Amino acid sequence: MARSKRVLPKKNKKVPKAKGMGKGAKVFIGFLAFFVIVLVLLMVVNVLNNAMTAAKYVRAHVDLEVGGTGDGPGDFKEPWGVAVDGQGNFYVTDFAGRRVEKFDSQGQPVLSIGAPGKDDGQFDQPSGIYVDPQGNIYVCDTFNHRIQKFDSDGNVLKVWNHNFFGPRSIAGDGQGRIYVSDTGNHKIQVFDEDGNYLSEWGGFGTADGKFREPVGVTVDPQGFVYVADSDNRRIQKFDPKGKFVAAIKVSPWRGKNDEVPYLAFANGYLYASNASAKTVLKFDPSGNLLSIVQKGDKDGFGMAAGIAVDSQDRVYVVEKGMNRVARFIVPVMAQPTH
């Protein structure tokens, strides 16, 4: 009888164990998750910021517009700065027309001051302008690199230069101090009302107290000085002696090539022109943005430049790109427009 073969059981082959996730892969996935979370948070913050900004848009109640293109009374070739006197008259520098025009409170042209040239009483592209409590007129004669002072009838009282390089704005504290933004030299110079030099501060840079293309300058009732530091996209606040106090970041500004940022302080508020966005910005004294003022028509404020506020809280803004000046009232409460 044949012996049966013994069948041995097959040995099970070992199944290789799955390797765990490598350290590098874990780090990558963690980083990816972190990136997604940060991205979502940034999107949420952006949406909230946009909503908060949109809530600050208000429509200007425009009650007066003056101007037109030309050389005639009330016309402009390129208006730049504006100032208001105690009687409600307002003065506009015509940068390309090389003159200053005076209007009454109803917008009727009253007087034209100056002509192209380098003599006293003549201009080479005037820009900033200020009227003191006595009614005297101070003009930045920009590319004659000097300041000219006139009486209310347009007679020359004083002309001075103190190593200026293209001064663009001028303001006074009502107590005899005159502040000039010496734009090309990136500093502020201070004088008395007769043009006697008192002090200066600034210099080129990005640190606190330094400037890159300062333009607008204004003074509040306490004597604090505000300067539109255009290419640093901020407004700097100083005490009357030039000591740095604070910096207000102005994110809507796009820098010197897109802005002609002028400032005005009145009735507890700081106003700034925003040419690139065709708006006017309204801040509280601490630098909080309260309102973004739009014009009613689709064009907005065309290349907004010089700005001033009268005793009735009416704001005057130069529309440099439209050869006109608009006067308006800012609504007390912000009401969204979009």
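The following legends describe close-up views of a predicted model.

Local features in this predicted model need pLDDT of at least 70, side-chain atom pairs count only at pLDDT 80 or more, and totals for chains, interfaces and linings use all residues. Residues are numbered from 1 along each chain as its sequence is written, and side-chain values use heavy atoms, with hydrogens and water left out.

**View 1. The chain as a whole contains 1 helix and 25 strands.** Helices (H or I, at least four residues) and strands (E, at least two) are DSSP runs, numbered from the N terminus. Of the 338 residues, 48% count as buried; buried means under 20% relative accessible area, exposed over 50%, and partly exposed in between (1.4 Å probe, protein chains only).

**View 2. A nonpolar surface patch is formed by F28, I29 and L32.** Together these residues have about 300 Å² of accessible area, by the Shrake-Rupley method with a 1.4 Å probe, where for residues only the protein chains shown count as cover. L32 lies in helix 1 (residues 23-54) and counts as partly exposed because its relative accessibility is 42%.

**View 3. Q122 sits in the loop between strand 6 (109-113) and strand 7 (126-131).** Q122 is partly exposed because its relative accessible area is 23%. Leaving aside residues up to four places away in sequence, Q122 touches A115, P116, G117, D141, N144, R146 and Q148, a contact being heavy atoms within 4.5 Å. Q122 and N144 are 22 residues apart in sequence, and their C-alpha atoms are 9.3 Å apart in space.

Methods: Patch = residues over 30% accessible without salt bridge, like charges linked within 9 Å, V, L, I, M, F, W, Y side chains within 5 Å. Salt bridge = Lys/Arg side-chain N within 4 Å of Asp/Glu carboxyl O.
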